[in-house]
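Open the model in a viewer and keep a selection tool at hand. The stops below say what to select next and what is there.

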Amino acid sequence: MPAVAADPEAARAFAIEVVRKLREAGHEALWAGGCVRDELLGRTPADYDVATSAKPDDVRELFGRRRTLAVGAAFGVITVVGRRGAGHVEVTTFRTDAAYTDGRHPAGVRFSTPQEDAQRRDFTINGLFFDPLAGKVHDYVGGQADLEKGVVRAIGVASQRFAEDHLRMLRAIRFTAGFGFALEAETRAAVERMAPRVTGVSPERIAAEMRLMVARRGRAAALELLLDTGLAAEILPEVAMPKGLPVARDRWRLAASVVAAIDEPALPAALATLVDVVG
């Protein structure tokens with residue numbers, strides 16, 4: 001199933017339809033996460049997520065089992081499949097996560113409220129909800145203010161957010177560079193302090209995050225942030241030299257500028273450039 005719908009207008013209309021149908025059945029339902037952020041930034045969302053008071057079984061009953069996938073049902077997530085060209089929408093029950101024991105997944109979940117659900121998310125700019133029927137934003141984490149200021153800030157205690165899922169450190173870099181934002185001081189300090197933990201993330205997840213970084217604008221800034229926060233030395237030890245060496249930063253910045261000049265480079269091409277210039 002493609003991550004991006006073929007027709008943005010159809011995808012948006014379907015995401016509104018999902019909210020309307022849940023509301024008509026008596027459930028609370030709101031757009032959540034990245035699609036809200038992009039909507040407020042005037043960007044076309046890549047996909048849509050809906051958060052709801054409906055339980056997974058309620059969602060499947062409402063939309064029909066032939067149009068829903070229950071792969072993430074244990075975490076309250078049901079995928080609702082749209083008509084041809086409309087893509088799909090992930091519908092997640094408002095929840096609070098139990099402790100994370102593996103640096104990626106919570107040990108369990110408890111269904112909760114929008115206010116509690118917002119607290120479990122990674123960054124304030126991704127913790128917003130939006131009512132597409134009323135055109136109203138629901139902000140419990142200060143995400144609107146950070147969007148306006150251009151700041152990427154962890155929700156709550158940054159070290160706790162990164163301990164829950166170590167990949168969030170790389171996501172912090174991608175969002176900061178991709179949007180041309182600033183990485184909030186305490187959030188950045190937590191990344192620098194916890195950078196060695198990123199090696200506990202699977203190579204597949206790291207590679208997927210790196211592909212997104214280098215394929216989009218802001219990739220030069222992303223590569224520089226990787227070096228400055230110490231993440232580069234952990235995920236690319238063969239290339240990245242100690243960040244305190246002036247020559248290391250100069251060579252890395254040159255490599256980053258070369259990568260930035262390539263039109264949407266694939267990850268292998270970007271890595272090859274780093275090896276060639278830095279090495």
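**Before selecting**

This is a predicted model, in which local features need pLDDT of at least 70 and side-chain atom pairs count only at pLDDT 80 or more, while totals for chains, interfaces and linings use all residues. Residues are numbered from 1 along each chain as its sequence is written, and side-chain values use heavy atoms, with hydrogens and water left out.

**Colour by pLDDT**

pLDDT is the predictor's confidence in each residue, from 0 to 100. Its mean over the protein is 90, and 91% of the residues reach 70 or more. Now select residues 1–5: pLDDT stays under 50 there, and the model has 14 contacts for this stretch beyond four places in sequence (contact means heavy atoms within 4.5 Å).

**Select the sheet**

Helices (H or I, at least four residues) and strands (E, at least two) are DSSP runs, numbered from the N terminus. Two strands pair if DSSP finds at least two bridges between them. Seven strands form an open sheet in the order 3-4-5-2-1-8-9, with mixed pairing. On average, neighbouring strands are turned by 35° against each other, direction ignored; axes are lines fitted to C-alpha atoms, for helices over the stretch in contact, and angles run from 0 to 180 degrees between N-to-C directions.

Go next to strand 1 (residues 29–32). Three bridges pair it in the antiparallel sense with strand 2 (residues 48–52), where Ala51 stands opposite Leu30. Strand 1 also runs antiparallel to strand 8 (residues 129–131), joined by two bridges, and here Trp31 stands opposite Phe130.

In a regular strand the side chains alternate between the two faces of the sheet. In strand 1, Ala29 and Trp31 point one way, Leu30 and Ala32 the other, and all are buried (buried means under 20% relative accessible area, exposed over 50%, partly exposed in between, with a 1.4 Å probe and protein chains only).

**Select helix 8**

Which residues of helix 8 (residues 185–194) are buried? They are Thr187, Ala190, Val191 and Met194. Seen down the helix axis, these buried residues fall within an arc of 100°, so they line one face of helix 8; the arc is that of the directions from the helix axis to the C-beta atoms. Ala185 and Arg193, on the other side of helix 8, are exposed. Partners of the buried residues include helix 6 (158–164), helix 7 (168–179) and helix 10 (219–229).

**Move to helix 10**

Eight of the eleven residues of helix 10 are buried, among them Arg219, Glu224 and Leu226. Just after helix 10, Gly230 takes a positive phi of about 90°.

**Finish in the core**

A nonpolar core is a set of buried Ala, Val, Leu, Ile, Met, Phe, Trp, Tyr and Cys residues joined through side-chain atoms within 4.5 Å. The largest one has 70 residues, of which Trp31, Leu226 and Trp252 touch the most other members. A second, separate core of eight residues includes Ala51, Ala118, Val141 and Ile155.

Centre on Trp252: not counting residues up to four places away in sequence, its contacts include Leu223, Glu224, Leu236 and Leu274. Leu274 sits in helix 13 (residues 267–278) and is buried, with a relative accessible area of 1%. From Leu274 to Leu236 is 38 residues in sequence and 9.7 Å in space, C-alpha to C-alpha.
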